[in-house]
Amino acid sequence: MPGKAQEKQKLIDKEEKRIDGRQLDELRPIKLEVGLLSSADGSAYIEQGKCRILAAVYGPREAHPKHLALPDRALLQCRYHMAPFSVEERKSPAPSRREIELSKVIREALEPAIFLEYYPRSSIDLFIEVLQADGGTRCAGITVAALALADAGIPMKDLIVACAAGKVEGKLVLDLSDAEDKLGEADVPVALMPTQEDAITLLQMDGILSLEEFEQAVNMTLNGCKQIYKLQKEALKAKYVSLKEETEE
Ligand code: ADP
């Protein structure tokens, strides 16, 4: 039987390639689509590696229940949920502590971008449905939610974009997969607004890093976010290009 140390060596090989063939500073392949649901006011879908996440937005609409309404701004209500079939072992459909916490964390990461004060007493409802999870769903959830909000026509300062970096077998890596997240030493998810001087709206750390490693990890996420931001803008444009083509036909 292989020893624990031997087992751990499998995540990064001698050529510094990761288990899925990526370089240390390489994102997983990302596919984004905007406006795919007809019943929601805004929607978007992301595939990031093996992760598959759908986001839908309703509103701004009358806040419900009414006592939650705020006199000076809209209420952002966010539900992050993992489908029972999104992980290997069937997950209970009831919201877990982790999902309740992530719903809050994601809401707080998105709020700074939205002009909530334009819609007093109303509610913007955001649903993030993880169809398949393979690590980094909070970041991919934020990236796709920002697109769904923009698709719903919600006025925003900028799109929010998110990605994580971490430490695996002593090396800093970008955009951890589930195995890297579980077996690695640390994970630093970051969300930011690129046109607002990279204002950071989410910064968490799970595990242990030196100060220098932490700074390097954050810099890696800045790079990753820049790449994803480009894809977000392309996905938004693609929707309107295809609408234009349809109307011209
Ligand atoms: P994130 O998805 O943002 O990395 P966590 O660090 O909490 O959030 O979770 C890491 C990964 O663990 C998830 O992306 C998912 O692949 C896996 N995971 C989370 N909850 C479960 C669960 N109930 N059963 C199996 N795997 C899970």
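**Exercise 1.** State which elements the buried residues of α2 pack against, and which residues these are.

*Solution.* The buried residues of α2 pack against β4, β5, α3, β8 (186–193) and β9 (199–203), with contact meaning heavy atoms within 4.5 Å. They are Glu99, Leu102, Ser103, Val105, Ile106, Ala109 and Leu110; buried means under 20% relative accessible area (1.4 Å probe, protein chains only). Helices (H or I, at least four residues) and strands (E, at least two) are DSSP runs, numbered from the N terminus.

The model is predicted: local features need pLDDT of at least 70, side-chain atom pairs pLDDT 80 or more, while totals for chains, interfaces and linings use all residues. Residues are numbered from 1 along each chain as its sequence is written, and side-chain values use heavy atoms, without hydrogens and water.

**Exercise 2.** Give the strand order of the five-stranded open sheet and find its edges.

*Solution.* The order is β1-β2-β3-β5-β4, with mixed pairing; two strands pair if DSSP finds at least two bridges between them. From one strand to the next, the twist averages 15 degrees.

**Exercise 3.** Describe how β1 pairs with β2, and which helix lies across both.

*Solution.* β1 and β2 (residues 42–48) run antiparallel and are joined by five bridges. Isoleucine 30 is opposite glutamine 48 in β2. Helix α5 (residues 211–248) lies across the two strands, at about 35 degrees to β1. Axes are lines fitted to C-alpha atoms, for helices over the stretch in contact, and angles run from 0 to 180 degrees between N-to-C directions.

Note on methods:
Buried < 20%, exposed > 50% of the residue type's maximum accessible area, 1.4 Å probe, protein only.
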